[in-house]
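Dear colleague,

Please find below the structure I promised to hand over, with its sequence. My notes on what was found in it follow directly after.

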Amino acid sequence: MPEVLNSRTALAAAPIHVLAEELRYAPNREGTGATPPDAYGLKVNGEGWVFFMDAPEATFRPGASDDRSRQVWVFDSEGRFRGGIGQSGDLLYPLAVAVARDSVVVLDFSRPSGGRPPGHRHHVFSVNGRALGTHDYTDGARRPIDFLSPAFHGTARGWVAERSLSVETAFGERSGPCYDSTLVLSFLPAGGEVRRILSYPTAPRYQSDHGWISSPVLSSHPRHAVGGDSRVYVHPGARYVIEVRTHEGTLEKRIVGEVDRIAVTDEDFEEGIKRTVQNSRDAYEESNSESALNSMLADIEQNVRWAGKADYRPVLGAMWASRDGSILVERLDLIPDPFSGEKKKQWDILGPDGRVAGKLDTPAGLTVRAFEWPFIYATRLVDGQLKAVRFRITAR
């Protein structure tokens with residue numbers, strides 16, 4: 001099994017890189033159109049064109065009342081607004097977008113038709129917005145497939161999407177669905193039949209009667225990235241190991257880093273529970289009576305305590321892959337407070353050969369959405385709105 005080793009010395013001695021802002025994507029900058037209220041689901045193609053929606057992925061369903069534009073906003077490599085995809089009413093509730101060099105796929109929530117229940121389908125467009133076709137997702141038996149957490153990637157060989165399947169499991173005196181695998185599925189842009197290329201077991205993610213329970217002190221779910229060159233990258237989180245696979249799922253190499261893992265202390269665990277309970281209180285306080293709220297919070301705390309904590313803090317977090325084979329991977333073990341989303345994030349930059357090429361910090365409030373060396377495409381709050389920005393990575 002091929003391996004590329006990153007020693008502790010190489011990781012520690014890696015050169016520091018910084019971000020320099022280059023572009024903000026705003027269609028009304030030159031009076032060319034309305035400004036999207038927010039930027040979500042941002043993707044970039046091989047020509048540097050940027051595509052995003054104006055509402056969070058997978059949060060809208062038929063019957064919901066909202067003022068989103070129901071289109072995908074398009075900008076060229078110089079940041080010029082090039083119009084919208086789906087403006088003519090092609091899209092009902094766009095949930096996710098993926099782009100290759102010369103085409104765009106939008107995952108949409110379809111209307112029922114011909115006796116078929118509503119579900120997910122994908123619309124294929126040119127980068128200039130011309131409709132090229134619509135396809136329903138089916139499995140090998142031609143049964144419709146819906147996506148619980150749509151995540152799409154455009155590659156040189158087709159379209160890759162993620163789907164999580166749930167199974168019935170028992171824990172304590174309760175039983176409920178638990179995500180047991182993350183499936184990476186490959187699609188051809190001209191057809192809707194799904195071909196599975198990868199399947200990985202996940203760490204526990206438990207459900208109470210009132211919602212999903214997930215905590216940073218638990219073992220990390222495997223994370224994946226898909227490069228525009230069609231390679232698939234997966235890491236388990238708990239160790240510094242990244243598998244690099246071909247578009248068919250064949251293992252190409254393993255990147256292994258030697259790091260000292262940091263234990264999750266009892267104090268870390270208690271702080272994680274406190275934050276989980278407080279976040280749930282903030283989310284549900286207005287819609288529940290005091291007694292119902294207290295019952296729900298007690299149930300949440302019980303389930304998190306039942307799940308327990310991982311022996312060590314996860315090493316790796318979010319990961320992005322560039323078309324040239326470079327990787328950007330978040331180092332969770334270097335963050336002083338693993339439970340706070342307010343702090344800066346620290347990243348390792350790995351070259352196409354799998355060896356460490358540099359280190360990078362991103363400031364608080366910045367969320368990476370795409371990585372194409374030497375650029376990072378990100379979103380951040382600007383005057384209360386989520387804006388899309390392109391940064392260049394430069395050596396300090």
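Predicted model: local features only at pLDDT ≥ 70, side-chain atom pairs only at ≥ 80, totals over all residues.

As background, nonpolar side chains in soluble globular proteins tend to be buried together.

Strand E19 leads on to its partner, E20. The two pair in the antiparallel sense over five bridges, with Glu243 standing opposite Arg254 in E20. Five residues lie between the strands of this hairpin, and Gly249 takes a positive phi near 95 degrees there. Strand E20 (residues 251-257) is mostly covered, as five of its seven residues are buried. E20 also pairs with strand E1 (residues 3-6), in this case in the parallel sense and over four bridges; here Leu5 stands opposite Val256.

A further region of interest is an open sheet of four strands, in the order E3-E4-E5-E6, with antiparallel pairing. Which strands stand at its edges? They are E3 (40-44) and E6 (81-85); each has a single partner strand, so one side of each is left without a neighbour in the sheet. From one strand to the next, the twist averages 20 degrees. Strand E5 (residues 72-75) is joined to E6 by four bridges, and the two run antiparallel. Within that pairing, Val72 stands opposite Ile85 in E6.

The structure also holds six aromatic pairs. In one of them, the rings of Phe75 and Phe81 have their centres 5.5 Å apart and their planes at 50 degrees, so the pair is tilted. Phe75 has 0% relative accessibility and therefore counts as buried. In another, the rings of Phe371 and Trp373 have their centres 6.5 Å apart and their planes at 80 degrees, so this pair is edge-to-face. Phe371, at 1% relative accessibility, counts as buried, whereas Trp373, at 36%, counts as partly exposed. Ring pairs also link Tyr25, Phe52, Trp73, Phe75 and Phe81 into a cluster.

Is Ser103 buried or exposed? At 12% relative accessibility, Ser103 counts as buried, because the cut-off for that class is under 20%. Ser103 lies in strand E8 (residues 103-110). Leaving aside neighbours within four places in sequence, Ser103 is in contact with Ala98, Val124, Phe125, Ser126, Val127 and Trp159.

Finally, some overall values. The protein contains three helices and 27 strands, and buried residues make up 51% of its 396 residues. Among contacts between residues at least 6 apart in sequence, 51% join residues at least 24 apart. The accessible surface comes to about 18300 Å², of which 47% belongs to carbon and sulfur atoms.

With kind regards

Methods. Residues numbered from 1 in each chain as written. Heavy atoms only, no water. Buried < 20%, exposed > 50% of the residue type's maximum accessible area, 1.4 Å probe, protein only. Contact = heavy atoms within 4.5 Å. Areas by Shrake-Rupley, 256 points an atom, 1.4 Å probe, with all protein chains shown as cover. Pairing = 2+ DSSP bridges. Axes fitted to C-alpha atoms, helices over the stretch in contact; angles between N-to-C directions. Phe/Tyr/Trp six-rings, centres within 6.5 Å; stacked < 30°, edge-to-face > 60°.
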